[in-house]
Amino acid sequence: MKQVYNFNAGPCILPRVAVEKTAQALLDLNGSGMSLIEISHRSKDFEAINSECIALWKELLSIPDGYHVLFLGGGASLQFCMLPYNLLGAKAAYVESGSWAKKAIKEAKLFGEVAVIASSSDKNYSYYPAIADIPRDADYLHITTNNTIYGTELHGSIDSPVPLVADMSSDIMSRPIDVSKYGVIYGGAQKNVGPAGVAFVIVKEALLGKVKRAIPTMLDYRTHIAEKSLFNTPPVFAVYAMCETLKWIKAQGGLQAIAALNRKKADTLYGYLDNESKMFVGTADKASRSLMNICFVMTEQYKDKEEEFLNVAKAAGMVGIKGHRSVGGFRASTYNALPLSGVQALVECMREFEKKF
Ligand code: PMP
């Protein structure tokens with residue numbers, strides 16, 4: 001197979017072993033003579049996979065009692081609406097730290113008053129806005145812990161007087177977190193925890209059943225809690241691959257070990273940008289830098305060389321480093337499964353390019 005370094009922002013690189021196990025299960029699941037995508041979702045085989053996957057979530061994140069782990073369709077985008085449907089009675093507070101947060105805010109407004117208590121839109125979301133004055137009459141505070149497009153991440157914890165809700169699509173399982181500080185954590189799986197096609201929701205049951213409105217059955221978290229995410233036909237393939245991805249995380253030594261490796265990768269690239277490069281410069285405020293999505297551009301002097309570098313990097317096997325159109329330049333996503341050698345290869349490629357000028 002061709003050797004590439006996959007820096008895609010999501011869907012993205014997954015642990016090779018998880019992909020191989022899934023490929024094998026696609027051909028023959030556990031010697032059943034059937035493919036993973038041919039079995040019944042009510043079969044013992046799939047129930048075991050579903051239960052194991054839930055158990056791994058609980059183990060890796062030390063999820064306390066009173067919380068449920070759900071696997072749902074519709075991506076993180078459906079959660080932008082499902083969340084306020086279930087939790088927003090009159091008012092909710094939101095932090096606008098990027099375009100995904102903005103999309104979440106738009107949906108929440110359909111359900112009640114939304115107080116945007118912090119925003120970094122004034123500087124194209126290049127920093128994580130300070131969170132203060134959380135209104136005590138809000139039903140919850142919504143944050144996006146990692147802004148995939150702008151390469152900023154919330155560092156440090158928030159003490160919220162109201163339930164804290166987080167979109168963790170792009171930094172879940174990149175480090176240990178204290179789940180007890182949150183009311184709901186959700187995201188699309190297609191970065192650190194699996195392929196596209198499934199969203200995860202970790203929800204504190206005590207928060208549910210408080211809103212007055214009628215909730216359609218499929219959009220009611222309680223439906224999926226009661227049925228262990230098997231109310232309707234689940235995305236069997238995506239859940240299987242997610243389970244294999246979580247097994248790999250566990251085999252690496254869990255989230256402490258994963259976090260240390262992620263820190264090393266980020267330090268390697270940010271270190272080069274800060275201490276060595278005259279050509280490339282990071283776009284995110286230093287205090288807000290993401291460990292998952294590293295955004296950088298060429299300085300004014302070399303701006304016209306961006307296209308050329310993209311071509312050089314591509315020829316060297318670097319995939320997916322073109323920046324999002326909202327930021328331009330480059331974005332290297334360094335999710336869990338990307339090895340340190342991938343970042344080292346990218347830095348080497350940048351160094352060599354720079355030498356030419
Ligand atoms: N939130 C964040 C932080 C994201 O990065 C993304 C997707 N990249 C989404 C939400 C939307 O996820 P989905 O495509 O699963 O709806």
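**Reading cavities, pockets and cysteines**

Mentor: Sorted by class, the residues that line the largest cavity comprise 6 nonpolar, 3 polar and 1 charged, where Ala, Val, Leu, Ile, Met, Phe, Trp, Tyr, Cys and Pro count as nonpolar, Asp, Glu, Lys and Arg as charged, and the others, Gly among them, as polar. The model is predicted, so local features need pLDDT of at least 70 and side-chain atom pairs pLDDT 80 or more, while totals for chains, interfaces and linings use all residues. Residues are numbered from 1 along each chain as its sequence is written, and side-chain values use heavy atoms, without hydrogens and water.

Trainee: Which residues line the largest cavity?

Mentor: A cavity is a set of points, on a 1 Å grid over the protein atoms alone, where a 1.4 Å probe fits but cannot get out, whereas a pocket is an open set with protein on both sides within 12 Å along at least five of seven lines; lining residues have an atom within 4 Å of a point. Here the lining consists of Ile13, Leu14, Pro15, Lys191, Asn192, Thr245, Trp248, Tyr335, Asn336 and Ala337. Domain 1 (16-251) and domain 2 (254-355) each give at least three residues to this lining, with the bounds coming from an automatic or database domain assignment.

Trainee: What volume does the largest cavity have?

Mentor: Its volume is about 30 Å³, counted as the space filled by probe spheres set on grid points that are joined across faces, edges and corners. The largest pocket, by comparison, has a volume of about 330 Å³, and among its 20 lining residues Trp100, Thr148, Ser169, Gln190 and Lys191 are the closest to its centre. That lining has 5 nonpolar, 12 polar and 3 charged residues.

Trainee: How many residues line the second largest pocket?

Mentor: There are 15 of them, and Met1, Val4, Asn6, Ile13 and Arg16 lie nearest the centre. This pocket has a volume of about 280 Å³, and its lining holds 11 nonpolar, 2 polar and 2 charged residues.

Trainee: How many disulfides does the structure hold?

Mentor: A disulfide is a covalent bond between the sulfur atoms of two cysteines, and the test for one is a pair of cysteine sulfur atoms within 2.5 Å. The structure holds 0 disulfides. For cysteine 12, the nearest cysteine sulfur is that of cysteine 295, 15 Å away.

Trainee: Is cysteine 12 buried or exposed?

Mentor: Cysteine 12 is buried, with a relative accessible area of 12%, since buried means under 20%, exposed over 50% and partly exposed in between (1.4 Å probe, protein chains only). Cysteine 349 is in no disulfide either, and the sulfur of cysteine 295, its nearest, is 18 Å away. Cysteine 349 is buried, with a relative accessible area of 9%.
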